[in-house]
Amino acid sequence: AFMEGMKHNRSIEEFRFHHEIEGDSIIERLAPFIIHNTNLKQLRLFEVDLGFNCAHRLAVALKRRQHKSLTLLSLQCNNLTNEALEEIIGALSGYNKLKSFGVAENVCMRDQKYYDLLADIID
């Protein structure tokens with residue numbers, strides 16, 4: 001019921017979700033909120049186990065956002081692989097206000113190409 005109500009919310013500026021849960025169930029329910037909330041500035045997902053399919057759903061939601069107002073995106077401890085991280089970073093084009101992007105403690109290797117791509121998006 002909580003997540004069902006969240007998808008209609010347009011006023012929340014910061015959303016934090018910390019729970020050891022498979023990401024598919026949370027991202028599916030959270031996607032409408034991510035897409036339609038016009039005030040969202042900070043999104044933090046911690047220990048949500050984002051596999052590639054889940055990362056793809058998150059990336060689609062980020063791409064579809066009309067208001068690219070995020071200043072912080074934190075995806076720490078989510079089992080992100082290089083491919084999943086690449087999918088999410090690719091969705092951040094146009095997020096000119098994004099100042100903080102946290103991906104610590106994930107499966108992904110710290111390959112410089114992902115940070116170069118992120119730097120291009122932020123600049």
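Biologist: Which residues of strand β2 lie on its covered face, and which on its uncovered one?

Modeller: Before I answer, note that this is a predicted model, in which local features need pLDDT of at least 70, side-chain atom pairs count only at pLDDT 80 or more, and totals for chains, interfaces and linings use all residues. Residues are numbered from 1 along each chain as its sequence is written, and side-chain values use heavy atoms, with hydrogens and water left out. In β2, which spans residues 42-46, Leu43 and Leu45 form the covered face, whereas Gln42, Arg44 and Phe46 form the uncovered one. Strands here are DSSP runs of E with at least two residues, helices are runs of H or I with at least four, and both are numbered from the N terminus.

Biologist: What makes β1 and β2 a pair?

Modeller: Two strands pair if DSSP finds at least two bridges between them. Strand β1 (residues 14-18) and β2 are joined over five bridges in the parallel sense, so they meet that requirement. Within this pairing, Phe17 stands opposite Leu45 of β2. On the same test, β2 also pairs with strand β3 (residues 72-74), in the parallel sense and over three bridges, with Gln42 opposite Leu72 of β3.

Biologist: How do you know that the span of α3 is close to the expected one?

Modeller: The expected span is 1.5 Å times one less than the number of residues. For the 13 residues of α3 the expected value is 18 Å, and the helix reaches 18 Å from its first C-alpha to its last.

Biologist: What puts the buried residues of α3 on the same side?

Modeller: The buried residues of α3 are Cys54, Ala55, Leu58, Ala59, Ala61 and Leu62. They cover an arc of only 160 degrees around the axis, which is why they lie on the same side of α3; the arc is that of the directions from the helix axis to the C-beta atoms. On the other side of α3, Asn53 and Arg64 are exposed.

Biologist: Which residues touch the most other members of the largest nonpolar core?

Modeller: A nonpolar core is a set of buried Ala, Val, Leu, Ile, Met, Phe, Trp, Tyr and Cys residues joined through side-chain atoms within 4.5 Å. The largest such core has 34 residues, and Leu43, Leu58 and Leu62 touch the most other members. The elements that give two or more residues to this core are β1, α2 (23-36), β2, α3 and α4 (82-90), and α2 gives the most, with seven residues.

Biologist: How many disulfides does the structure have?

Modeller: A disulfide is a pair of cysteine sulfur atoms within 2.5 Å, and a search of the whole structure finds zero of them.

How values were computed: Buried means under 20% relative accessible area, exposed over 50%, partly exposed in between (1.4 Å probe, protein chains only).
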